[in-house]
2 protein chains.
Amino acid sequence: MARQYNWKTGCDVEATLTVIGGRWKPILICRLLSGKKRFGELCRLAPNATERMITLQLRELEADGVIKRTVHAEVPPRVEYEVTEYGRSLQPIIMAMQSWGKDFKTRKYAEEEAAEAADSEHEDTNRKAANG
Amino acid sequence: MARQYNWKTGCDVEATLTVIGGRWKPILICRLLSGKKRFGELCRLAPNATERMITLQLRELEADGVIKRTVHAEVPPRVEYEVTEYGRSLQPIIMAMQSWGKDFKTRKYAEEEAAEAADSEHEDTNRKAANG
DNA sequence: TCCAATACTTACAAAAATGTAGGTACTTGC
DNA sequence: GCAAGTACCTACATTTTTGTAAGTATTGGA
């Protein structure tokens with residue numbers, strides 16, 4: 001997300017992308033929208049992301065005022081992340097993405113099933129042809 | 001967007017990102033939501049993107065069934081892009097992004113103004129101090 | 001014959017994002 | 001003394017994305 005973007009003339013959609021355009025950012029925001037989480041929890045909730053990526057993306061979100069980081073002076077350390085009030089204004093976007101994605105997954109899954117079914121039917125035909 | 005993603009177990013938000021996660025995709029979809037456009041028009045409407053990027057992202061959107069590409073057999077060639085019915089289901093996401101971005105821009109702009117005002121006040125103070 | 005116009009494509013180069021492997025700090029409990 | 005536990009950080013390597021510059025096809029018109 002290193003973009004030369006003009007706040008006066010730039011496109012609205014592009015502006016949003018400067019904040020949530022990172023690969024893991026929408027996912028992390030989504031996780032935090034349902035409540036405060038510790039670093040380790042976030043890692044477990046985003047298993048495809050590495051710890052390093054999660055750290056980096058959280059830092060950027062923090063810098064943009066979307067989330068808040070709280071360090072508890074304990075040993076072993078405990079760090080909690082939560083969305084700020086401002087960050088919560090992203091909720092409609094994240095929710096829309098979640099809802100669309102759910103539907104998309106169902107579609108994709110159905111497609112795969114259909115493809116497999118077609119495949120095995122094809123195998124049947126081949127077998128019959130070989131036998132005939 | 002080259003991700004090993006599991007359609008059964010994967011996160012909903014992440015699923016959406018496999019489709020609209022490209023840097024220019026949300027912008028292109030946004031442009032097309034307001035109506036059919038020619039390639040050249042899209043280039044003019046997304047001036048920060050190169051022609052190559054626009055081509056590539058359009059191809060991916062087409063492959064995902066979000067947009068439709070129509071080639072008219074003319075010389076010089078004319079190619080039109082439009083969102084499919086399915087693509088239109090992304091509208092809530094794009095609109096939410098647009099709305100949030102608009103607000104964010106206003107905020108950012110105000111911040112910059114404030115920073116500049118503070119700066120020139122600082123200069124005044126310095127001048128006074130130097131004079132006193 | 002050469003140019004203009006459009007929507008690309010291709011090879012190559014640069015930049016950005018992401019991943020890997022290791023290390024750090026601190027204190028409690030064995 | 002040593003391992004465990006947490007939330008990182010750092011250097012480095014690799015992958016992915018994006019950009020640059022040039023070339024392609026077609027045909028009507030100067």
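**Terms and values, chain A and chain B**

Author: Between chain B and chain A, twelve residue pairs are in polar contact, both residues at pLDDT 80 or more. The model is predicted: local features need pLDDT of at least 70, side-chain atom pairs count only at pLDDT 80 or more, and totals for chains, interfaces and linings use all residues. Residues are numbered from 1 along each chain as its sequence is written, chains are lettered from A and ligands numbered from 1 in the order in which they are written, and side-chain values use heavy atoms, with hydrogens and water left out.

Reader: What makes a pair a polar contact?

Author: A pair of N or O atoms within 3.5 Å; within protein, one must be able to donate a hydrogen and the other to accept it, and residues adjacent in sequence count only if both atoms are side-chain atoms.

Reader: Which helices of chain B supply residues to the side that touches chain A?

Author: α1 (12-20), α2 (25-33) and α6 (91-131) of chain B each supply at least two residues. The largest share, 15 residues, comes from α6(B). Helices here are DSSP runs (H or I, at least four residues), and strands (E, at least two) are too, numbered from the N terminus.

Reader: Why is the pair Asp12(A) and Lys105(B) called a salt bridge?

Author: The term asks for a side-chain nitrogen of Lys or Arg within 4 Å of a carboxyl oxygen of Asp or Glu. For Asp12(A) and Lys105(B) the N to O distance is 2.8 Å, so the pair qualifies. The count between chain B and chain A is two salt bridges.

Reader: How much area is buried between the chains?

Author: About 4,100 Å², of which carbon and sulfur atoms give 65%. Trp7(B), Trp100(B) and Lys105(B) supply 20% of the area that chain B buries against chain A, more than any other three residues. Buried area is the accessible area (1.4 Å probe) that two parts lose on being put together, summed over both.

Reader: Why is α2(A) called roughly perpendicular to α4(A)?

Author: Helix α2 (residues 25-33) and helix α4 (residues 51-63) of chain A pack at about 75°, with their axes 10 Å apart. Axes are lines fitted to C-alpha atoms, for helices over the stretch in contact, and angles run from 0 to 180 degrees between N-to-C directions. Angles under 35 degrees count as roughly parallel, over 145 as roughly antiparallel, 65 to 115 as roughly perpendicular and the rest as oblique. The angle of about 75° therefore makes α2(A) roughly perpendicular to α4(A).
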